[in-house]
Amino acid sequence: PGVVLSSGGTFVRTLRLLRIMRVIGLVLKLSKYSAGARVLGTTLLSCHPELGVLSCLLLIDSILFGSFLFFCENPRVDLEESEFNSIMRSTYVALITITTIGYGDYSPKTTCGEAVACVASLTGIFVLGMPISIIGVKFHGQYSTMMRTLQVQEERIRLRIAADAMAALRGLRVLGKVILGPRFEQGDYITPAMRRRIKRRAEEVFREVDVDESGFIDIVELGRAMKGLGCPLSKESLQGAMEVMDDDRSGQVDVNEFSAFVERLMQGEIPDTMSVSHNAMVGGG
């Protein structure tokens, strides 16, 4: 029975260890989506010389001051006179002292040991300070590089959106020229007869674009119409053009919305490409 219990306890501990490893794996996967975690990982990878120097200095100091503590606390090596009964334990205390952690589970009792502990703690400030400061400078450099990269990516996205918007407006103006006529300019006086003629022409163009005769123009039909007019648009530009005409945001444009778009075009309420370009240049796009 005792063997069975021991085996069961070992199995449970193994399961707990596997769960811990699974949590570590999840943390590493989540770091892929965290820019800060990626910067930290890149910094640590680029700082392996400094980390190596730090490890060597800590090892040398720990062994050196651990030996001093052992011999200070044990004047007679043949007798076990203190809790510093081995070099390993003394090295452990020295490491805790150098790193300024100080658990307090072991402390020197002799004047010599206390002096060695004081010197070890002061030495730890210099041993840890220089490599950590170098690592901090590299982290700041990596973080600045990451921020510049993100800014460049955001700028590219903003300019691409502005380019799509300008392409959409150019396409809509080409469509407007078909309806209003090539000589029409914004601000021209429109007589009632001209307005009725333009409305009829808008309805005719709407029926021509509405290939499936569903009473609505979708993005596919608009794309075919723009391609037929010699002004092909990308999917993003077509979506922008649909947003300009689709007042109810249904994804389709009916004849009333199309007529309202033509009315806004006549009144100059549709922004031109220059204004969109200007907004993109000043960062307002």
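Biologist: What percentage of the contacts in the protein with a separation of 6 or more is accounted for by residues 24 or more positions apart?

Modeller: A contact means heavy atoms within 4.5 Å, and residues 24 or more positions apart account for 62% of the contacts with a separation of 6 or more. This is a predicted model, in which local features need pLDDT of at least 70 and side-chain atom pairs count only at pLDDT 80 or more, whereas totals for chains, interfaces and linings use all residues. Residues are numbered from 1 along each chain as its sequence is written, and side-chain values use heavy atoms, with hydrogens and water left out.

Biologist: How many helices and strands does the secondary structure come to?

Modeller: Helices (H or I, at least four residues) and strands (E, at least two) are DSSP runs, numbered from the N terminus, and in this protein they come to ten helices and zero strands.

Biologist: How is the reach of helix 5 to be read?

Modeller: The expected span of a helix is 1.5 Å times one less than its number of residues. Helix 5, which covers residues 111–180 and has 70 residues, reaches 101 Å from its first C-alpha to its last, close to the 104 Å expected.

Biologist: Where in helix 5 does a kink lie?

Modeller: The bend at a residue is the angle between axes fitted to the seven residues ending there and the seven starting there, and a kink of about 30° lies at glycine 129, shortly before proline 131. After helix 5 comes glycine 181, with a positive phi near 105°.

Biologist: Which residues touch the most other members of the largest nonpolar core?

Modeller: Such a core is a set of buried Ala, Val, Leu, Ile, Met, Phe, Trp, Tyr and Cys residues joined through side-chain atoms within 4.5 Å, where buried means under 20% relative accessible area, with exposed over 50% and partly exposed in between (1.4 Å probe, protein chains only). The largest one has 27 residues, and those touching the most other members are Ile179, Leu180, Ile217, Leu222, Met245, Phe258 and Val262. Helix 5 gives the largest share of this core, six residues. A second, separate core of 13 residues includes Phe84, Val93, Ala94 and Ala120.

Biologist: What does threonine 97 touch?

Modeller: Threonine 97 is found in helix 4 (residues 87–98), and, not counting residues up to four places away in sequence, it touches Ala117, Ala120 and Ser121. Its side chain also reaches the backbone oxygen of valine 93 at 2.7 Å.

Terms used: Polar contact = N/O pair within 3.5 Å; in protein donor to acceptor, adjacent residues only side chain to side chain.
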